[in-house]
Amino acid sequence: TEIIDLIAVARLCMGEVTEQDRVTLSTDVETAPILGDQGQLAQVLRNLVENAFKYGSADGQIRISLEQGQTGWISVSVADEGEGIAPEHMPRLTERFYRADAARSRQAGGTGLGLSIVKHIVERHRGRFDIVSRVGHGTTATCIFPPA
């Protein structure tokens, strides 16, 4: 475990995507230091950004937001402009192998493990993971971590 700057991890993940013009990063801090494993934290952001590309609208923007709350906790959110997720699927999204849209997931190459891995890594880093979605308005996945 070492001190990792989540902003640097977000920029690294943004640099890996092919359609970089569709991804924006906004933050209200210069650095976002948390204690953790850089490889695992990069995997979290990579999974969330990949999901935003897979399930967001074909040409919509993907917004990564990084903020530090008054308590010092750091949140990183990935939001897409997709069709959103129906309410009945929300409670099961982080279950292993669960897919809200199985046909689309298979077509896009998903395993159904992405969000369960994200939740596991976030909890291992003493954080919280949450997904908010409105049908027709897109989905926002948020990870909140304690400060280093």
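This is a predicted model: local features need pLDDT of at least 70, side-chain atom pairs count only at pLDDT 80 or more; totals for chains, interfaces and linings use all residues.
Biologist: Let's start with R22. Why is R22 called buried?

Modeller: Its relative accessible area comes out at 5%. Buried means under 20%, so R22 counts as buried.

Biologist: And where is R22 found, and which residues does R22 touch?

Modeller: R22 is found in the loop between α1 (6-16) and β2 (23-27). Leaving aside residues up to four places away in sequence, R22 touches F53, S57, A58, D59, G60, Q61 and I62.

Biologist: What makes R22 and E19 a salt bridge?

Modeller: Their closest N and O atoms are 3.2 Å apart. The cut-off is a Lys or Arg side-chain nitrogen within 4 Å of an Asp or Glu carboxyl oxygen, so this pair makes it.

Biologist: Is E19 buried or exposed, or in between?

Biologist: How many salt bridges does a search of the whole structure find?

Modeller: It finds 3. Another one is E16 with R46, whose side chains meet at 2.7 Å, N to O. E16 lies in helix α1 and R46 in helix α2 (residues 38-55), so the pair ties together parts that are 30 residues apart in sequence.

Biologist: Why do E16 and R46 count as partly exposed?

Modeller: E16 is at 42% relative accessibility and R46 is at 29%. Buried would need under 20% and exposed over 50%, so both land in the partly exposed class.

Biologist: How do you know that R63 and E81 form a salt bridge?

Modeller: Their side chains meet at 3.5 Å, N to O, and the limit is within 4 Å, so the pair qualifies. R63 lies in strand β4 (residues 62-68) and E81 in the loop between β5 (74-79) and α3 (102-108), so this bridge ties together parts that are 18 residues apart in sequence. R63, at 36%, is partly exposed, and so is E81, at 40%.

Biologist: Now the core. Which residues have the most contacts inside the largest nonpolar core?

Modeller: Those are L6, L48, F129 and C143, in a core of 36 residues. α2 gives the most to this core, with 7 residues.

Biologist: What does L48 touch?

Modeller: Beyond residues up to four places away in sequence, L48 touches V78, L115, V118, F129, A141 and C143.

Technical notes
Residues are numbered from 1 along each chain as its sequence is written. Side-chain values use heavy atoms; hydrogens and water are left out. Helices (H or I, at least four residues) and strands (E, at least two) are DSSP runs, numbered from the N terminus. Buried means under 20% relative accessible area, exposed over 50%, partly exposed in between (1.4 Å probe, protein chains only). Contact means heavy atoms within 4.5 Å. A nonpolar core is a set of buried Ala, Val, Leu, Ile, Met, Phe, Trp, Tyr and Cys residues joined through side-chain atoms within 4.5 Å.
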